[in-house]
Amino acid sequence: NGVKKTAVCIVNVFNSLSGIEVAPKELSVFVNDSAYVTATFLPNTVSNANIKWVSLDEKIAKVEQESNKRCNVIGVKAGETLVMAVSTTNIVLGTCKVTVKETISEITLSESSVEVPLSAKTYTITATVKPDTASTKDIVWDSNEPTVATVNNGKLTLLSAGETMISASAPGSSAPTKYCRVKVTQSVTGLTLASTEKVVYM
């Protein structure tokens, strides 16, 4: 009948996901703090992919997925784990090494007040911190009267008689600063008696 029929087939060609780049490659967060990790799809012509974010150890760090390309990593306890971006179609992995650090929550000094003779020359105040799992246990020491005594890592050098307040703090942590009042006393080096004369009448 002279009628020609044409069939049309539209073929959409999509680039398949070949890899995932996760940034940063390594991440440090403190307990109860968080940071973002992002993913870039490879090749860059891939605009979207079904991605699931997972943590190998949720007791150390857990993830909150915000999108296929971003998740929030939350520190749970001190340690190391891997956060991974996993494609649900072809299991392409992108990984980020996560280190969770724990800060000092409490400082305890060996004493809160002490009296020391100047002749002792030195005296040591010890500090203990909690928790034991704190990633850093560095204490910053200070003396508010360095002419009386200076302090270095808890060891006092006694310089003159008087009083000073020694402080121990952990900057960047939630631990309150602790104090020790130090009184340095002048040692008695000798005794001189005044010459006196008594007359007794009988």
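**Exercise 1. Sort the residues of strand 8 (residues 93–101) by face: which sit on the covered one and which on the uncovered one?**

Step 1. Know what you're looking at: this is a predicted model, where local features need pLDDT of at least 70, side-chain atom pairs count only at pLDDT 80 or more, and totals for chains, interfaces and linings use all residues. Residues are numbered from 1 along each chain as its sequence is written, and side-chain values use heavy atoms, with hydrogens and water left out.

Step 2. Strands here are DSSP runs (E, at least two residues), numbered from the N terminus.

Step 3. Now walk along strand 8. Gly 94, Cys 96, Val 98 and Val 100 make up the covered face. Leu 93, Thr 95, Lys 97, Thr 99 and Lys 101 belong to the uncovered face.

**Exercise 2. Track down the salt bridges: how many does the structure hold, and which parts do they link?**

Step 1. Side chains of opposite charge can pair when their charged atoms come close. The test is a side-chain nitrogen of Lys or Arg within 4 Å of a carboxyl oxygen of Asp or Glu. By that test the structure has three salt bridges.

Step 2. Start with Lys 97 and Glu 80, whose side chains meet at 3.8 Å, N to O. Lys 97 lies in strand 8 and Glu 80 in strand 7, so this pair ties together parts 17 residues apart in sequence.

Step 3. Next come Arg 181 and Glu 163, at 3.6 Å, N to O. This pair links distant parts of the chain, with Arg 181 in strand 17 (residues 178–185) and Glu 163 in strand 16 (residues 162–169), 18 residues apart.

Step 4. Finish with Arg 70 and Glu 66, where the closest N and O atoms are 2.8 Å apart.

**Exercise 3. Classify Arg 70 and Glu 66: buried, partly exposed or exposed?**

Step 1. Buried means under 20% relative accessible area, exposed over 50%, and partly exposed in between (1.4 Å probe, protein chains only).

Step 2. Arg 70 has 33% relative accessibility, so it counts as partly exposed. Glu 66 has 43%, so Glu 66 counts as partly exposed too.

Key
Helix = DSSP H or I, 4+ residues; strand = E, 2+ residues; numbered from the N terminus.
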